[in-house]
Each structure stands twice: as structure tokens, then as C-alpha cells.
Amino acid sequence: MADVKHAEVTYEDIEEICEEFSNREGAVVQILQKVQEKYGYVPADALEFVGEVLEIPKSKMYGVLTFYSQFYQEPRGKFVLKVCVGTACHVRGAGLLVDKIKEELHIEPGENTEDMLFTLEPVACLGSCALAPMAMVQGTAYGKLSADKMVSLIRQFEEEAEKEEEPV
Amino acid sequence: MTLKSLVKSVLFTEIMQGLKLTFTHMFKKKITVQYPHQKLELADGYRGFIVHRRYENGQERCVGCDLCEAICPAKAIRVVGDIHPEFPERRFAKEYTLDFTRCIFCGFCVVACPVNALSMTKEYAHSSFTREGLIYSKDQLLTLGDKCESESIAYLKVRNMWGAEDSGKDEGRYHFPPISATQSGG
Amino acid sequence: MAKVTVNGIEVEVDPSYTILKAAEKAGISIPTFCYHPRMDPAGSCRICAVELEDSKRVVMSCVTPVADGMRVLTESPKIHDARKTNLELLLLHHPLDCPVCDCGGECPLQNMSFAYGATESRFESHRNDEAEDLKSDVLVFNANRCILCGKCVRICDEIQDVHAIGFINRGFDTIIGPPLGKKLDCEFCGDCLEVCPTGAITDHFVRYKFRPWQLEQHQTTCTYCASGCQMQVETENESIVRVTSKEGLGPNEGSICVVGRFGFNHVQTPQRFDTPYMRVEHRLVPSSWDEVLPELASRLNAIRRKGTDRVAGLLSSRVSLEDAYAFQTFFRRVLRSNMIDTGARYGFMNAAIPLVEATGTLRPLVDHEDLLKAKVILLVGADPVAESNITGLFLKRAARKNRAKLYVVDSEAITLSTRASDHIRIHPGGESLFVGVLSEEISSRGNLSAEWLTRKEELFKNWNVDPGVFQRLVNDLKSAETGIVVTGRKMFRNENASRSMINMMRLIGSLGWIEKEGCGILPIPETANDLGVLMMGATHEWLPGLLDARNESSRKQWENAWGTSLSYGPGGGLEQILQGIEEGRINALITIGENPIGHFPPGSRVREILGKLELIVALDMFQNELVDMAHFVLPASSSFERAGHFVSIEGFVQKSVSTMAHWGESLPDWEILEKISYAMGNPMGFDSSEKLMAEIVRFLPDLSPSTRNGEHFVGGTGDIHLVKPLDSCGFANASDVKGVGGLSLLKASGSTPHKANRESVSSRFRSWTEMSRPIMNATSGIPGEGEFIFSMSKSLFHSGKMTLQDPNLKKIQPEGKLRINRQTARKRKIKKGEKITLTSAHGRCSFVVEPSPMVSEFELVFPEHFADAQVLALFPPEMAFSPMTGTPTTHRIRVSLSTETIS
């Protein structure tokens, strides 16, 4: 992966997030979730600051962070392509979807594209097996996909991103 | 009885019987070997001089684990382990000396070696005018090993220490992550 | 009490016991991996499984409490199978690289696999193939060999309270390591290395250089700080390979700090002197003892004949009791001089003199176990973690586990601040002022003048200290059931240190802590044997046994004891020695491991003064400024090479044994002095260190060797077997002591012979308090605008200047960095590793900066070990000494900071 630009985190921002949970040690997971919501991942600095505010040692904080696979330590793409590879989707050809994305975007599962637009993330069941094979992007579920449909979806997202950039 | 024994002693029958064996050997094929000019063929399991072995890529096998030193009943081996100068995660023998004036050629060190770095050869006639000359360093042992590679492999095979290498599996033998990378397949 | 039957043996144990502990009481050992006697059980390794005979259930003995009537089987076919299966599962991931693993040979996992025959696993193996974490300079983490017992993580959390390593990831991928994939950054105590039951944690310094079965183990006492740790020095061919500790052994209970564990290599570096040197035509040339001794003796004899007090002596306070005793005997009896002083003069003397005057003893009133029982602990002017690491550990435990109220009074945040119930941040150097205010507050019992109160209010306002916190401290101290004041280096190196110590004594006197068991004051000596050398009378004030050297009757006492007449002069300490040399009254100087030049600024004329001497004899291990001037340089043995006794902070007299061969021709200090005295024709008659110690104990039976005893586990990592308590005398040469006789003098001091006798202390203290006056004479040291106070601290990673020669410790801390407050650094745009220049009224010097959140915004702190002539140039060249204790008084200096560097 190319050098990724890490988010700039200030102590004050983290303090604010911790304050929401009244600086309780027990709320560390929720706080980290909030941090991830804000930055898209949990930057190392943010982890240290949360530890400082909650008075939890860094080693413990890192243990929590790495324990849960929902937390990311590296910046993620704008569109995280969560492709279901659960049983039902697998049977209906989720593997083909993943292969297509790999081919289209030249990324491996878990990686970002160089323009930081896409991240491929195969996930276990998303709970909509009736729509298999399915994927979820930015909270929206796309069901009954095929490799071609996947490509057009990707194109659609690319256009969206371009549109957003234009006014700037 | 007395007559029979008298006849026996007069005719030296007992001595003749004994000499019969001697005379038959006089006419058998001689087995004396004219040693320096003529040499015997030794068995593969012959425990001659101990040598150090290398991997096929020329890398020395010894990992400096000191097990040969620990098992040596004659205290003939001295190993000084250290970090490999090129690979910081690997152990190697910085110094390895084998004192052949003390060695009793029992072969325990070969059995103890976890990486088949040691083997015995059919070399038996190394000599020196000084005692120091018989204290071999690692380089000397490696050179000797290069010279007698087929013999050392034969020794390991006949002594049942080759199995793991042939099977290509590291099961049953020791597994060293750095070395498995250098071996084919690992 | 609960009755438990273990393998048919019936034992009665406390119901809070676990089965493991009950079995231990029955003398039965149960194998463990994750159990550690000093920590809470985890129950993660499943090896300590035992069978309950009645229910036929298999339970984990380390976490299951006993019940009355319980019948336990520790060995049965079922248990054997359970353990074997467990081992097979552990060996699923564990690489079979024992031959190249540093743990191979002392590995409990290896031993257990061998014992239970788990040679072949029934499961398909998944050998881990993670690369080793070689980032740290000290420890190597090998995730493949880890069995996830969590001992390292727990000891770092529970015992050391450092939290440097933790579990990373989840499930099969779990590994142990420092957070964020960074380099390990901790106190490097190496306790995790010690407890690791496999080779998952090993260290760089001895990596691959040894095999455990080749090593010879020597149990000895660490001679760096005053904690008096018992450690195992392991040698091969008489050279030191590594240092380990034994679980539960000694006052340290199995923990040793970074300096003790890794600081052993300087004694075997080629820079050490291995032969005597003599100055011939302005050059030091290597020589031999046979050549040096007659020459030296004749020159010393010539000087001695001129009169008393002609030869001065400076002794390092890191030497053993034997050396100190021989030192003072040599000067007082042979050279007829009382011009002697020790390294304790630079700091600890400020505490020692008031302590001896007030209590009559240097033995502490309290020990580490009292710290655990104390309800309130006041920590003033000390950083125990750096100064006496084990005292720091006990304080952490007291505050964390026993919930003692810990008040830290310091200008900067120290390691213990996070554990403190309150941290009172005073201004740099304000310790004495604070103690004055506090002692006045408590001893006046509320009768304070209005003027005092306004001054106090003003002071707290200046300091930005909440008066409420101060009031809370006062109330806690007054109402405390048991309380202890801990003080240390920062206090001793305060401009008004001796007065503050008097105030401190007043404070604990008026709290009634002198009489009360478990209460008192615990001053942290600066070096391993500060207490010992003073008890041995190695300063001009005291004869051995802390008798006044100028007092005629005490001199008589020792004349009788030695059977000779003592005709030394009035004598003097460091100040008088330097004065005497300048005025030509002293012609020769003998130093043992001391270098006065290194303690004073380059402009202070010390070098010039010493240049006037006819004869300088330096007994040392390494080159230094004084050695460059010396006429004779005699190679001294290190404490690893000779036997001797040391007095720890708790008052234990512990033996350090000879662990390696003498380096070259080096000799112990006492032996060198003996040889000189023999060559002078006036031998002292000490022919072995055992005889020397026997003589000390004959005259001062109070100094019989002792250590903290009790049941403890041995092995630490895995094989647990019970060790019988040591006998009350502790060490072998107690029998020698009896051989000499004179034990009748031994004071019966009950079960704690190492502590001061409270009765005699309180009776002496009562007469002393009447004479004392309240002293309140100090000014608050607030630097002006843009100014800072430059001060020096002791680093955790070094001990004195000696360890700067140590390759291992130099790797851990290679250079001294100036610590500056993080906010200040940010404001001034100074980044880590940049160079800045400090300018004082006397000089300037540049430093590499390390911003730290711990330091106060008024202060700049530099580790004293790295303070060379350039750094000392910041201090005023005049040598100022305290009139009361003769200690140098300049420890802090105002400086201004600039980012330009000196060319």
C-alpha cells in the first residue's frame, strides 16, 4: 500500500468524545467506536489520548483495539465494499464478486485503492440471505448482485465521488 | 585305557590335531593388508573422524546449540554460540573446537545433533606432530566434511538419522523457522 | 481452619487457601505455568489440574479454594491424561526449536513435556512462523514460543505497575508485546523475562551466548542501590554471563531492577585497570605490586612521620563494610590521620547527622513490610523507583493493593505520582520549605501566629498549591494509625537539607511516630552502602559504631578494643581536606573509588588544589580525572569479584560473594590497604575478608548478617517446590561469628534485628527534642521570567558514573538528555532530540532535549550520571559547604534557555 495520510487528532477532540461518556473506563469500546466514526479508523494518537483521559495504560488500550475486528488502525477508503461471503452468498457466487472487485480495482481483501476511494472487505453473513449474493456499502444493502452489477455499482460510486469533488 | 593313551602320546596325535588347523591356514588365501599401499573397505557405519556438514546451498548446518558439547562423554567438544552476524534471529557457533586427542569416537555428538550438522566419516588416519594439530576448528571440520560428504551421508543413513531429511518433513526433527526457509519446501 | 487431604496427607489450612497452596503446605508440588506466588491466579494454563476424590472432578488447583474435608489427588491416571492432553495442545503451536532457544535446558514446558511424555501430538500441528520482534534494545519477543500464560503481562501490571506490554489480537493470533507495534519503552526491569516459562521473552545481551546447564550460580547481594536485592549471578568460566533472581528470595522477593539485572558487563570490559601503575617522569607506567608497594610505603612513611592528619582519604560509599572498616583502621591506626570522608558526604550525610543525633542510630525505624501496613505515606523529595527500586515497588504495592494514602511532594511528577492520592507540586527546591511549614503546622498544634499563616497562604499561592490538599494531608497525618515519611536524594541535595531533616524529625516526633511501632521515617540512602560505611566510621565524625571520633571516652573504647593507642588529629571532612591541601597541611591523598574533581565545577580550583599534593594514590577500576593526576593507580576489584557485606535501606546486613575471577592483578580495597600497611612496616593484620568481618561482628555484634526470611518458592517459572525458611541468621558465616565469641554484646532485638531498637531510639529522641528549635529559614525558589531551575536527578538506568562504562546499560540509556516540560517545549517550538543551550551566570552548555509531561514548567532536569565538566560549568565556581554537615550545597542553578547552539 502507498503511504497513507493519517488523520490529525487533537487532544481536545478526544477529550470531548470521552466527556460524552462521562470519562467512564467501562465505556472504552463505545468511545473507540465514536472515534472511528469521526476519523474512519482509530488513529494511534487518538488511542493514546483516550488512554490518557480515561487513565488506562496504552498496552491495555491496544489490547482492546486489536481484540475487536470492527476497529481499524489504518485509514479506510471512502466506500467500504462489504461483500458478504457467508454460506448463502457463497453458494450464490460471492466468490465471483470478490474476484471481480479484485480484478477491477487491483486490491486484495482488506486493502484500499490508491485514490482512497474503495476498500474491499469480505464479511461473514450480513443477515439478508434472501438477497444473496449481497454487499453493503455505506450502510446501504445491495442484493442479488452479479459480477457485472458489481462493476456498474463501482462506476456509480466513482461518479458520485467525482461530483462531490467538482464544486471544490 | 592305558594302552590307548600310550599310543596317543607316542604318536603325538593331540599335537597333530592342533597343528592341522595351523597347516590348513598355511594354504589358505592371505588376508594381511599392506596398509599404506593397500586399504580395507570400511563399513558405512564406521566411526571415523567427525566432520561438519553444509546444506546444499553451501550454508553451514551447525546452529551452535551446544548439545554435542553437553553429551560428549570425553569433553572433547567446545562450542561458543552467538548471534549470526548476518541474520540477527539466527544462532550459530562462533567458535567450535573438537579435540581429537580426547575424542573417543563414540558418535554421541552425531546422535545429539538436531540438524544433522555432524557426521562421521571413514577418515581414521589423520595425524599431527603436535597435540594442537589434532584440535580441529570449525573451518577445518567443514573442509574435512566437504571432502567426505558422501561418506558422512552414508553414515547418517546407515545409522538411521537420515529419515527426516528424506521425507522433507520437519516433523519428528527440530523445526527452525530460519532454516526451513533455506531448505526446499521447509 | 479447613482440613484438606492431599494425596492422603492431611493438612489444616486457612479456608482462603487454594488447593495449590494447601498442597504446598503438605509438601507436595503441583506443576504450573501461569501461577505466580506474588500475583493473583489466572488459571489459564490448565496444567495444575487435580482430581477431587469424592466428586471425581478435575479442577484447577491454583484457582479453586479449599473446602473443609476436601480430598485431593494430585497424581492419578485421569490427571496424568489431562495434563498430557494439555501439553499436546500447547505444543500444537510451540515450535520445536529448543536447541537454539535460550530457554532450552531450564524450560518448564520442556521439562513437563519430558515428564509427561508428550512427544508426539495427536493433533495436526500448526507451527507458528511469526518473525521475532527484535525492535527493543533489551528484550526479544518470540510470539511462536509463547504459551499465553500471561505471567509477563500480569507481573508488569501487578508487581511493577508499568503496563508496558499487553495481549494483542485475539484467538490463535494472540501475541504478547508492546502497544502499537512500537519499540518497547519501559523500566526494563526484566521481570517478564524472569517469569516467562518458555523462550518467548529473551534478552539481547546474552542472546545465544550461553546454555543454562553451563552456568554456575552464585547467590549474592546487588551492590548498586540500597535496596539490598538478592540476585543470582550466573557465570561461565569465571566470567559473568547473566544475572537472574530467584522468586521470593531476599528483601526484593524476586524482582530486580534494570541496573541490577543488566549492569554487570562493565566489570569485564578491557578499559578496566588490570595492573598497578606508577608515575615515572610525568607518565603513568604499568608496574607490578612488588614494585609499587615498597615505593609507595616509603613515601607514605615519610609523610606520616611529619605528624598527624598529614594524609587524607576519600572512600566511595559503594564499598563493603570490610573495606570501610579497613579504610578507617588504616588511616586512624597506621597513618594517624582522621582526615577521612566518604561519598555519602555529597548527599546522604545531610540526613545521617541529624538522624544519628536525634535517634542515636542509622538503622531505620521502619522497613518495607511496614510500608505495606502503613495507612498514610508521605513521600518528600525522593523518587524511590529510580533511587531504590524495590522501595518503589513496595510503595506501589502499598498504594495500589493496600490502599495506603500516598502523598507525593515533589516539583515534578514521578512514577509514583499516578498512584498518589494527592500530588503536591511545589517549586523546584521547595522541599525544605514545605517540610518546615508542615512540621510547624503539626508541632504547633494549632497555635500559629497570624504572620505565619499569611506567609503560608502566600507561599501556597505562589506554588499554586491547593491549601485544601495541604489541610487534608495534615489531617491524615494527625489521624493516621500508622504512617511513614519516605525521603531521598532530592531532600538530601537541598540547600537546607540538614535543617529540613531536623524539621522532619520534629514532625514525626510530634506526631508520636517515634514511639509507635510501624511508624517512622525511611530515608533512602544514595548508594548501596551509605549506611554501612558510616556505621564503620569511615568519616571524620564517627568511629566504628557511630561513636564520636573527637570524644575522648569513645576513643578510649576503641583503643581498648584494638589494644593500641590512637593518636590521630582532630581531622576533617571533604571541606577541611581541600582546605588542608591548599594550606599545605595535608601532603598525601588516598582515594578509593572517589573522584572529587568530578563533583565540582571546572572553575572551582579543585584540580589546582589537588595539584599541590606530594602524593596521590587512586584505587579505582576506570580512568578518570583524578587518575590522570595520580602518582600511583592501584587496580581495585569490583564488587562482583570480592566478598563483602552491605547494609541495605532496611538495615539488613547482607553478604555479596565473589562471583568471578579477579580482573588482572586487581585486589579488594581492604587487601590493598593491608598490603600497603604491611609494606610500611605496620601491618593491620587482616588476612581474609571473613576474619575482617568476624572482627567487625565481634566488636559490633549488631551487624551480624541478616536478611528477610520466610517461606518462599524457588524456581519462579514452573517447577514449584517448597524451600524451608532460612535459619534466623541467614548466612553461612554466622558460625564464624560464634567462633570469635563476644556474642554477649548482642542486643536482643526480637524478630526484626535489622530495624532500630524503638525503645532506645525513643528514649534518646526525648532528650533530643528538648534541645531542638523550630527552624524556618528558606526562600522559595521561583525562577524569574524566562528562567528555569536546572537540577540533576538520578536516572533509573544508571548508578553513579561507574555504570556509564557498562555496555549493556549504555545501550539502554546512551546519553543524558535534558528533560523539559512538554508544554513549554511546544510553546518554544523545541522538538525532541534537538539541541539547546543553557546559560547560567557562570557558564553555558548545550544539551539534547527530551520533552516530558512529568517535568514542571520551571525546571530542567538532567541525569547526574552524564554531568561532565561541561555541564558542571553551569554551577558557581566557589565551593560552598553546609556549616552543619560539611556537604556541598550547590545543587540547583538558574539558567536561561536559547535554541542557538554553541559552535
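1. A residue counts as buried if 20 or more other C-beta atoms lie within 10 Å of its own, as exposed if 12 or fewer do, and as partly exposed in between, with C-beta atoms placed from the backbone. Helices (H or I, at least four residues) and strands (E, at least two) are DSSP runs numbered from the N terminus. By these criteria, strand E18 (residues 405-410) of chain C is mostly covered, with six of its six residues buried.

2. This is a predicted model, in which local features need pLDDT of at least 70, side-chain atom pairs count only at pLDDT 80 or more, and totals for chains, interfaces and linings use all residues. Residues are numbered from 1 along each chain as its sequence is written, while chains are lettered from A and ligands numbered from 1 in the order in which they are written.

3. The pLDDT is the predictor's confidence in each residue, from 0 to 100. Chain B averages 84, and 87% of its residues score at least 70. Over residues 169-175 of chain B the pLDDT is below 50, although this stretch has 18 contacts in the model beyond near neighbours in sequence. Residues 177-186 of chain B also fall below 50 and have 14 such contacts. Two residues are in contact if their C-beta atoms, placed from the backbone, lie within 7 Å.

4. Strands are taken to pair if DSSP finds at least two bridges between them. Strand E17 (residues 376-380) of chain C pairs with E18(C) in the parallel sense over five bridges, and C:Ile377 stands opposite C:Leu406. E18(C) is also joined by four bridges to strand E19 (residues 422-425) of chain C, again running parallel; here C:Asp410 has C:Arg425 as its bridge partner.

5. A nonpolar core is a set of buried Ala, Val, Leu, Ile, Met, Phe, Trp, Tyr and Cys residues joined through C-beta atoms within 7 Å. The largest has 289 residues, and C:Cys152, C:Ile377, C:Leu379 and C:Leu406 have the most contacts inside it. Helix H8 (residues 321-334) of chain C gives the most to this core, with eight residues. Not counting residues up to four places away in sequence, C:Leu379 touches C:Leu406, C:Tyr407, C:Val408, C:Val409, C:Leu416 and C:Val486. A second, separate core of 18 residues includes A:Cys84, A:Ala94, A:Val98 and A:Ala135.

6. Helix H9 (residues 349-359) of chain C is mostly covered, with nine of its eleven residues buried. Among them are C:Met349, C:Asn350 and C:Pro354. Just after H9(C), C:Gly360 takes a positive phi of about 80°.

7. In the contact between chains B and C, 17 residues of chain B meet 15 residues of chain C. Helix H3 (67-71) and strand E2 (77-83) of chain B are the elements that give two or more residues to the chain B side, and E2(B) gives the most, with three residues. The chain B side divides into ten nonpolar, three polar and four charged residues, where Ala, Val, Leu, Ile, Met, Phe, Trp, Tyr, Cys and Pro count as nonpolar, Asp, Glu, Lys and Arg as charged, and the others, Gly among them, as polar.
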